Amino acid sequence: MSVSNTLLAVFEDIEPAADGIHKLHELGVADENMNVISGIPIRPAILERPSAVTRVGQIALAGAFLGLLLAVFFVWGIPYLFPLDAGGQPVYPWPQLLIIIFEMTMLGLMGFAFLGMLVDSGFPSYTPKEYVPDISDGRIAVLFSCPKDEQKKFVDALTKLGAKSVEPAEARQL
Amino acid sequence: MSAIAKALPRLRPEEMEDPKEHLMHDPMPRGDMNTMVLDSMHTATWKYWTVVTILAFIVVTCLGYAWYYLIMQGLGVSGDDRPVYWGVFLVNFVYWIGISHSGTLTSAILRVLKIESRRPFTRVAELMTAFAIVNAGLSVFMHMGRVWLAYWMIPYPNERTIWPDFHSPLMWDFMAITTYLICSSLYLFLPLIPDLAMVRDRSKGWVKTFYKILAIGFRGTEGEWKNLHLAMNIFAFAIIPVAFSVHTIVAWDFAMAIRPGWSSSVFGPYFVSGALLSGVAAVPIVLFLVRSTMKNMKYFLRPEHFDTVGKMLLIISMIWAYFYFNDYIVSWYGGDKWEKILNLFVQTGPQWWLWYLMLFCNIVVPWSILWRKKWRQTPWLMALVGILINVGMYTERYIIVPEMLTINRMPFTWHSYIPRVEIILTIGTFALFLLLYFAASRILPLIPAWEVQEGQEGHILRKIGKARIPTISEID
Amino acid sequence: MANDLNSPVKMNMSQDAQGKWGMVIDQDLCTGCQACVAACSMENNVPFVGEVDAGYGRNMQWIRIERFWSGSFPDIKMTSYQPVMCQQCHKAPCEPVCPVYASVHSESEDLNLQVYNRCIGTRYCANNCPYQARTFNWRDYQDARQRPELVTLQNHLNPDVTVRRRGVMEKCTFCIQRIRHTEDTAESENREIRDGEVVPACAQACPASAITFGRIDDPTTQVSQAAVTSRAGHLLEDLGTIPHVTYLAGGA
C-alpha cells in the first residue's frame, strides 16, 4: 500500500455524514479503512456502514457458565470438603443449589458482559487517540485513510457535501 | 353512524395536547443540552453547602458515633429483646432494599419495554439504587452481634477451613445482594460512560484528569457504541430477574422461618410488589427534589415524567393490595390459633394504628389521587404521594418484623419492642443517603444527555389527517 | 487430614460418643422453685444481666420456669409449672438458618451444638426457634471492666465452660461438659456409662426430682421408659421438630 494519510471529517448532522460516507465509498475507501465517531449511537444502516462485530455476547455467556460452575462448587463442593449436619437437611440440597446457581450465573453473565465490553473496546485506555471534543456536542466525525497524494481530492469532495472541517487526524490526549 | 358522531364531541385544536410538552418533541441542540447539564452540576449555592454541612454532621454523629457506640457496647443499647431478636435494623434493611428497586428495576423495565419517557430520569433513579444498597448493607452490619466477623460470610478458602453454610437463607441473601450491588453499579456506570466523556471534553485541569480516568477512554466509535449497546441490553434483561430474586430472598429470610405470620408462601411476590411500591414511590420524591433545587432541570424533568411514574405507581399499588389480601385472607380463613392471635395483636394491639396507617398510605392515598392525569402531572402532589407511600411501606415492614416477632408459640416469652439507638441510626442512614445523593449530583451528570438526544432524533410529529400526531421511529 | 480438626462430626462425636441423650420433665412433680435455673446459671457461666436489661426482656437463663393460670379473678387456678430449655430437636429449625455453621448438629449424639466462637450474631436461629430457648449476649455481661460490680464474682465461673462475649448466641447444651466428663471416666474405667450417671445441673438441683436425664437410644433407661407412658408429650409436637425433651403431665 502506498503512503496513506488519516483524515478526520467532522459533520454537523446525520444526513451530510451519510452523504459523505457514500461519497467516500464511491472514491474507493473500503469500509475497514473507515470509522465513525459520534455522540449518540447511530444505526450502521443509516450511515451505509456494515454492522460492527462484537464479542460481548460470547464473553458474557462464558461468564455465565463460569458462574454456574462456581455456584455448584459453593453449594455442593463445600459440603463435600467439609460435611456438617444442620437441621436434618440433606448435605447436597437441590433447592439451595438452584437459588445460588441463579445468582452466580447472573453475576457471571453481567460481570463478564461488562468485562467483555471493556476488553472488546480496549478500555480502559488513556493513550492519545484521534478525536475532537466537538463530537460529544452531537457532531459526527468520519475517520478514514486515503492515499497521501490524493488527499486534496477527498477534502474538496467532503467539504462540498457539508463537512465542517476535514483535517489530517492527529492523535491527542483525550 | 350519526349517533356515534353526536356522542363524540369534536376535538378542537386548542384542546389538543401541545406536543412540545414532551421532552422528546421539544428538541434542543446537543451542545446547549450539554451546557445545561454541566451548569446544573457546577452551580452550588450557599444553600447547597449549608445542607451538605448539616447532612455531613448528622452522618458523623448519628451514623458514625452512634454505630461506634453500638459496636463497643453491644446490642444492649438497641431495643431488641427476647423474642424480638430482629428490630428496626432489619426493618431498615428491607426498606432500603425496597428503595433500591426504584432505580435499576424501574429503569430496566422501562428500557426493555422501550418506554420513551424514561430517557431523562433513569439515572436519577439508578443512583438511588446504588446508595440504597449501601444503606441496606450498613443496616445488616448494624444488626449483627459481631460485625467485625462479618467477612466470615464470604466464601473463600481461609485459614479457619470453615466455609459459609448455603443452607441458610442469609447466605442466599448475601449472594443475591452482592450480585445486585455489583450488577446495578455496573448498570449505572454503563450509560454513564458517554456522559463522563462529555464532561471530560469540557473540563480543565485536575477535574479533566478525574473525568478522563472515569471515562476510560471512550470516544464513541462504532465498535464502542455497539459493545456498549449490547452490554446495556444484556444488563437490562438480566437485572430484572435478579432484582426480583433479591427481594424474594429477602422475603424468604422471613418466610423460611417457622413462625406464625412469617411462614407464608406468598411472601416472595408480596415482598417484591412492596419493594416496587416503595421504590417507585421514591422516584417522584427525588425527581421533585432534583427538579426544584437544581438548575436547568425543569427542561429535562417534566410533568409527563411524573405522569409515567404515577401510572406505574397506581398499578403497583393495586398489585400490592392484591398480594396483601392474599396473605391476609389465607391466614384469616385458616383459623390457625397463632395466626389468629397475631392478626388480633396487629389490628387491635397497642400499636393498632400502624396497621390502619399502612392501609391508608398504601391503598387509600394512591387509589384516590393517581387516577387523575392532572394530579399525576403535579410534581409536588406526586412527591407527597411518594412520601406517604414510603411511610406506609416502612410501617408495613415494621409490622412484619418487630410486631410479628412479639407473638410466638411460647406465650410466656411475649415481650414488646421499643426502638432505642435504632432511631438515631435510622436518621443517620437517611442522612447518608441524602448526602451521597447531594455529592453525586455535583460529580455525575444526572441527565443522560446522549440518551435524550438519541430519543429526540427518533421522535417526529407526523401529519395524519388534520392533526400532527407524535410518532416515534425505531432508532436504537 | 487437617480438616478433621474442624469437623465435629468426624472428630469427637462419632468415635467417642456413647449415645443419644434425652430428658424427661415431670410437670406434676415440679414445684416451680427455680433451683434448676440457679444451678444451670452457675454451671454454665450464664451471666446476670442486671435489673435494667431484665426489664427489657433479656434474661439469659438457659432454662426458664413457665407459669400460667386459667380462669379469671378471683377464680384463678394455677396450671402446672413448665420448665423450658433447649429441646435438642432432632430436626432443629435453628440449625440450617445459620450462615456460618455456628449451630450444627451432632449426628451421633443427636444434640444441637452451638459453636460460640463461630457465631457472628445474626440472631436468625433465635427467631427460628419455636421454643424461644436461645439467649443472646446483648452486652459484655461477664466483662468486669464494663461491669465493676462483677469483680468479686469472677471466681464463681466454671472453668469447664466458655465465657461468652457480647454478640454471641447461646443455649442449653444438656451440660455437655458433664456428659464428656462422665464419658471420660467410664472410658478410663473401661465400662459403659451407667443409667443416671450423667446428671445435668438442673436435674442435680431439682429437689422434687422432676428432671431425669439419660440415653434415649437404650430402651431400658429411665428416660426411655418414662417417655412411652401415656402421660408423656412434647412441646409443639405438631411442628415436627422431634424434640428430645419429654414432658410428663396429667397423672397426679
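Chain B has 476 residues, and a compact globule of that length would have a radius of gyration near 23 Å; chain B has 24 Å, which agrees. This is a predicted model. Chain B holds 18 helices and 2 strands. Chain C comes to 7 helices and 12 strands. Chain B is in contact with chain A and with chain C.

**Overall dimensions**

- The C-alpha trace of chain B spans about 75 × 70 × 45 Å along its principal axes.
- Chain C has 252 residues, for which a compact globule would have a radius of gyration near 18 Å. The value for chain C is 19 Å, which agrees.
- Along the principal axes, the C-alpha atoms of chain C fill a box of roughly 65 × 50 × 35 Å.

**Two crossing helices in chain B**

- Helix α4(B) covers residues 88-112, and helix α10(B) covers residues 267-293.
- Their axes come within 7 Å and cross at roughly 70°. Angles of 65 to 115 degrees count as roughly perpendicular, so α4(B) is roughly perpendicular to α10(B).
- The crossing of α4(B) and α10(B) is right-handed.
- On the α4(B) side, the contact residues include B:Tyr95, B:Gly98, B:His101 and B:Leu105. On the α10(B) side, they include B:Gly274, B:Leu276, B:Ser278 and B:Val283.
- The residues of this contact of α4(B) with α10(B) divide into 9 nonpolar, 8 polar and no charged.

**The sheet of chain A**

- Chain A has an open sheet of 4 strands, in the order β2-β4-β1-β5. The pairing in this sheet is antiparallel.
- The edge strands are β2(A) and β5(A), and each pairs on one side only. Strand β5(A) runs over residues 163-168.
- From one strand to the next, the twist averages 20°.
- Strand β2(A) pairs with β4(A), residues 140-147, in the antiparallel sense over 5 bridges.
- Which residue is the bridge partner of A:Asn35 in β4(A)? The partner is A:Leu143.

**Helices of chain A**

- Helix α1(A), residues 14-26, lies across β1, β2, β4 and β5 of chain A. Helix α1(A) runs at about 15° to β4(A).
- Helix α4(A), residues 151-160, also packs on the sheet. Helix α4(A) touches β1, β4 and β5 of chain A. The direction of α4(A) makes about 165° with that of β5(A).
- Helices α2(A) and α3(A) pack at an angle of about 150°, with their axes 6 Å apart.
- The crossing of α2(A) and α3(A) is right-handed.
- The residues of the contact of α2(A) with α3(A) divide into 24 nonpolar, 7 polar and 1 charged.

**The sheet of chain C**

- An open sheet of 4 strands in chain C has the order β10-β1-β12-β11. Its pairing is mixed.
- Strands β10(C), residues 211-215, and β11(C), residues 232-233, stand at the edges. Each has a single partner strand, so one side of each is left without a neighbour in the sheet.
- Strand β1(C), residues 21-26, and β10(C) pair in the antiparallel sense over 5 bridges.
- Within β10(C), C:Ile211 is the bridge partner of C:Ile25.

**Where chain A meets chain B**

- How many residues of chain A are in contact with chain B? There are 51 residues of chain A in contact with 48 residues of chain B.
- The elements of chain A that give two or more residues to this side are β2 (34-38), α2 (56-81) and α3 (94-121).
- The largest share of this side of chain A comes from α3(A), with 17 residues.
- By class, the side of chain A that touches chain B has 32 nonpolar, 13 polar and 6 charged residues.

**Where chain C meets chain B**

- Chain C puts 40 residues in contact with 37 residues of chain B.
- The elements of chain C that give two or more residues to this side are α4 (124-128) and β8 (135-136).
- The largest share of this side of chain C is 4 residues, and comes from α4(C).
- The residues of the side of chain C that touches chain B divide into 21 nonpolar, 11 polar and 8 charged.

Key: Residues numbered from 1 in each chain as written. Chains lettered and ligands numbered in written order. Predicted model: local features only at pLDDT ≥ 70, side-chain atom pairs only at ≥ 80, totals over all residues. Axes fitted to C-alpha atoms, helices over the stretch in contact; angles between N-to-C directions. Parallel < 35°, antiparallel > 145°, perpendicular 65-115°, else oblique. Left-handed = near helix turned anticlockwise from the far one by under 90°. Contact = placed C-beta atoms within 7 Å. Nonpolar A, V, L, I, M, F, W, Y, C, P; charged D, E, K, R; others polar. Pairing = 2+ DSSP bridges. Rg over C-alpha atoms; globule rule 2.2 N^0.38 Å.
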